[in-house]
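Welcome! Please take a look at it before reading on.

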Amino acid sequence: MINHIDVSSMLRKSVCELYSNLVTRPTGAAVRCEIEQELDRIGDRALTVIDFSHVGLLDFSCADEIVAKLLLQYVSLDAPRREVYFVFRGISESHMDAIEAVLERHKLALVTQHADGASRLIGIVDVDERRAWEIISQLGAGVSADVADATGLSHDEAERMLDILWRRRLVIRHDSAYVAVGSATAPVEPVRLDA
Amino acid sequence: MTTIINVPHSLEDKSFEQVLDQVAPLPLDEKIIVDTRHARWASPYGLTALLALAQSRAERPVLYVPEAENVSTYWSRMDFFKHAAELYELQGRVRSTKAAETSVLLEVTSISKSDDVHDVVDKIQQRAQDALVKNLNLDAKITMRFTMALSEVCQNIVEHAGRGGWVAVQTYTWRVRLGGRKVVVIAVCDPGIGFRQSLESAPGFQKRERWDDGQALEETVMRGASRFRDPGRGQGLAGVRKFVGTWDGKLSIRSGTARIAVLPKGDWDEDEPLLEDLSYFPGAQVQITIPERVA
């Protein structure tokens, strides 16, 4: 399923009905806990849109608590908590300042989706990983041979690159094929990942 | 014994050092009278630092209020006396007013908990757009970043000071350089544990051969050190530094006996990057100055 989490609603639910700004570390931690509870209800394999559209201000402390600490739990090269993928929507220019800073600090990356549906990979990603992600994103879905053909990497190397992107939850794996996380959120109707 | 502390006519970050030079040698429990009768002007830093000064004393000090009507009225509009009455024995006529002060973006406000930071952010967003964009000719993009910086410096009190502090924000004309230039100034002052003691409380902290307030400020402000092991900590001040650099502003932080400054690239201010061996004052006193954009 593609799930939608409105961060502003989480803020009002967890901290205060009147707040519209994500500031201070305790606020960020409370909102993240609320998001985690929501994710617990969703199941072990899910694609979730984290929507910042109705958030006014996002400061560095809140970005660290909500974005970085959330990703750190679900995105890991070793043992991710569950197979949960995130797409971030409604990110304004000022949100981006805080988010990019925390991604850099923790060497993380994520996918943002813009109003026109275009996706962008931000954060710390090496050149080959980015190239592989862009190829899969352009194709909508692809296999390691597509990446190898487009980049000149060996098949093994292309497969390794896609495996890293999958472990970082930047692409979704279906058997031997991969879908870029942003491409998968384009449909309006819910889509089952495990269908 | 009671000592009278003479407050300079113009009270801002640099002239406040004259106040500290008089107070620092005195025992904490010695009664002091802070004499502002002849004050003509005070910056947000001056007002918030006066409150932090009273908090730092064991014996409740006396404050002789400014004699000039316009000064007393202005300090009232900044809500200074509202808070000062809790910390000082006020002597002299306090002139109250209900008139709003258009140059004030945020009156002197108490910060001791996370909710206070939310209130400050909510309050200033309504006023910042006009002040920054219309009056200082700054790009509209600054408003959110300015509020982020304000939030981060206020959070330093909540997270590190160990006791409450004060924030105030105002626009005024900077007269350090000939001709003057409009600026917006954020001042955040607390009398808490300060940067050095905060870092010393980190698990496994080991003092180096040279370890003092200046080193602690350099570690925190320039290298993002924090008392927390969490690698996500220490980003707030790094973000504030970046914000100040983007808008040709100035960041100065005083703690203990040292003051560090991130200086503007432009020529609107001259200051030293690091001052040491200042008179001791507990806690941290932060000032962010953003100048108007000129063609």
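## Chain A at a glance

What percentage of the 195 residues in chain A is buried? Buried residues account for 47% of them; a residue counts as buried if 20 or more other C-beta atoms, placed from the backbone, lie within 10 Å of its own. Chain A holds seven helices and eight strands, which are DSSP runs numbered from the N terminus (helices: H or I, at least four residues; strands: E, at least two).

This is a predicted model, where local features need pLDDT of at least 70 and side-chain atom pairs count only at pLDDT 80 or more, while totals for chains, interfaces and linings use all residues. Residues are numbered from 1 along each chain as its sequence is written, and chains are lettered from A and ligands numbered from 1 in the order in which they are written.

## Two domains

Chain A splits into domain 1 (1-124) and domain 2 (126-190), with bounds from an automatic or database domain assignment. Their C-alpha centres are 22 Å apart.

Where they meet, 18 residues of domain 1 of chain A are in contact with 16 residues of domain 2 of chain A; contact means C-beta atoms, placed from the backbone, within 7 Å. On the domain 1 side, S3(A) gives the largest share, four residues.

## Meeting chain B

The contact between the chains takes 21 residues from chain A and 19 residues from chain B. On the chain A side, helix H2 (25-42), helix H3 (60-74) and helix H4 (93-106) each supply at least two residues, and the largest share, eight residues, comes from H4(A).

Technical notes. Contact = placed C-beta atoms within 7 Å. Buried ≥ 20, exposed ≤ 12 C-beta atoms within 10 Å, placed from the backbone.
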